[in-house]
Amino acid sequence: MPLKPYLAPHAGAVSRNGRYIHRFGKKASAYSLLQQTAGAYNQDMGVTSAYEPLDVYTLKAIDPEVTSAEIDDVVFYLQTLKAPLPRNQDDPQVIRGHRIFKEAGCAACHRETLHSRPSPVAALSDQDFHPYTDLLLHDMGPALNDGYTEGSALPQEWRTPALWGLGLSPASQGGQYYLMHDGRAHSIAEAIDLHDGEGQASKRNYDALGEADRAALIRFLESL
């Protein structure tokens with residue numbers, strides 16, 4: 001997608017006819033945490049800034065309601081949040097589930113390891129990290145077509161969500177899972193069952209597993 005006017009390409013970013021790969025948001029419509037944060041202030045809360053000066057209702061430019069410094073502080077906070085730590089990694093069932101996760105093809109999109117680009121924040125620079133996502137858009141089939149586009153993403157295309165912290169999410173959601181882009185899945189198994197399109201082969205591999213292997217895979221995902 002083309003960049004917002006206030007954004008500068010990252011070092012080493014590759015342009016194709018003035019367009020760049022975006023990584024943030026359900027449909028990967030934001031290029032950076034700055035765009036994601038400024039856009040959330042504007043689109044989700046109706047708060048304008050120098051980055052996003054148009055009022056969300058009138059589409060007219062109005063005086064900034066939050067300073068650029070405040071948005072930059074929020075971006076820095078988000079950049080430096082500690083990644084959730086996996087748990088029970090020595091549990092034989094978790095180890096077995098990790099192997100099944102890879103054998104079923106889940107890691108094709110939910111990539112275990114990525115490498116960060118150089119960053120002025122030393123702790124973030126040139127680091128291997130394990131989010132279990134490729135941060136790319138995938139066609140997830142007609143069942144997940146919500147009828148809306150965002151940027152250049154089609155209605156059935158969704159960015160692979162990170163799985164780190166998956167097992168911790170019910171603790172902050174009233175004890176229940178709300179998975180997929182609209183929270184329709186209330187268990188990990190239900191979320192897997194909703195995979196279609198590019199995720200169909202992995203779903204079929206999951207369906208073909210025995211009960212014990214399915215339990216081990218879920219146990220592994222809960223450990224993240």
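Okay, some housekeeping. Residues are numbered from 1 along each chain as its sequence is written, and side-chain values use heavy atoms, with hydrogens and water left out. Since this is a predicted model, local features need pLDDT of at least 70 and side-chain atom pairs count only at pLDDT 80 or more, while totals for chains, interfaces and linings use all residues.

Let's start with the salt bridges. By that I mean a side-chain nitrogen of Lys or Arg within 4 Å of a carboxyl oxygen of Asp or Glu. How many salt bridges does a search of the whole structure find? Six, and I'll show you some of them.

Take Arg-219 and Asp-91, where the closest N and O atoms are 2.9 Å apart. This pair links distant parts of the chain: Arg-219 sits in helix 6 (residues 211-223), Asp-91 is in the loop between helix 2 (68-79) and helix 3 (92-103), and they are 128 residues apart. When I say helix or strand, I mean DSSP runs numbered from the N terminus: H or I with at least four residues for helices, E with at least two for strands. Arg-219 has 29% relative accessibility, so it counts as partly exposed. On that scale, buried is under 20% relative accessible area, exposed is over 50%, and partly exposed is in between, using a 1.4 Å probe and protein chains only.

Now look at Arg-96 and Asp-213, with their closest N and O atoms 2.6 Å apart. Again, distant parts of the chain are linked: Arg-96 is in helix 3 and Asp-213 in helix 6, 117 residues apart. Arg-96 is partly exposed at 33%, and Asp-213 is partly exposed too, at 22%.

Glu-103 and Arg-99 also form a salt bridge, at 3.1 Å between the closest N and O atoms. Why are these two separated by about one helical turn? Because they are four residues apart in helix 3. Glu-103 is exposed, at 55%, while Arg-99 is partly exposed, at 40%.

Tyr-77, Leu-78 and Leu-81 make a nonpolar patch of about 300 Å². Patch residues have over 30% relative accessible area and no salt bridge; like charges are joined within 9 Å, and nonpolar side chains (Val, Leu, Ile, Met, Phe, Trp, Tyr) within 5 Å. Areas come from the Shrake-Rupley method with a 1.4 Å probe, and for residues only the protein chains shown count as cover. Leu-81 is in the loop between helix 2 and helix 3, and it is partly exposed at 47%.

Which helix gives the most to the lining of the second largest pocket? Helix 1 (residues 33-45), with seven residues.

Last, the backbone. Most residues other than glycine have a negative phi. Asn-17, though, has a positive phi, near 55°. This residue lies in the segment before helix 1 and is exposed, at 82%. Met-180 also has a positive phi, near 75°, and is in the loop between strand 4 (157-159) and helix 4 (188-193).
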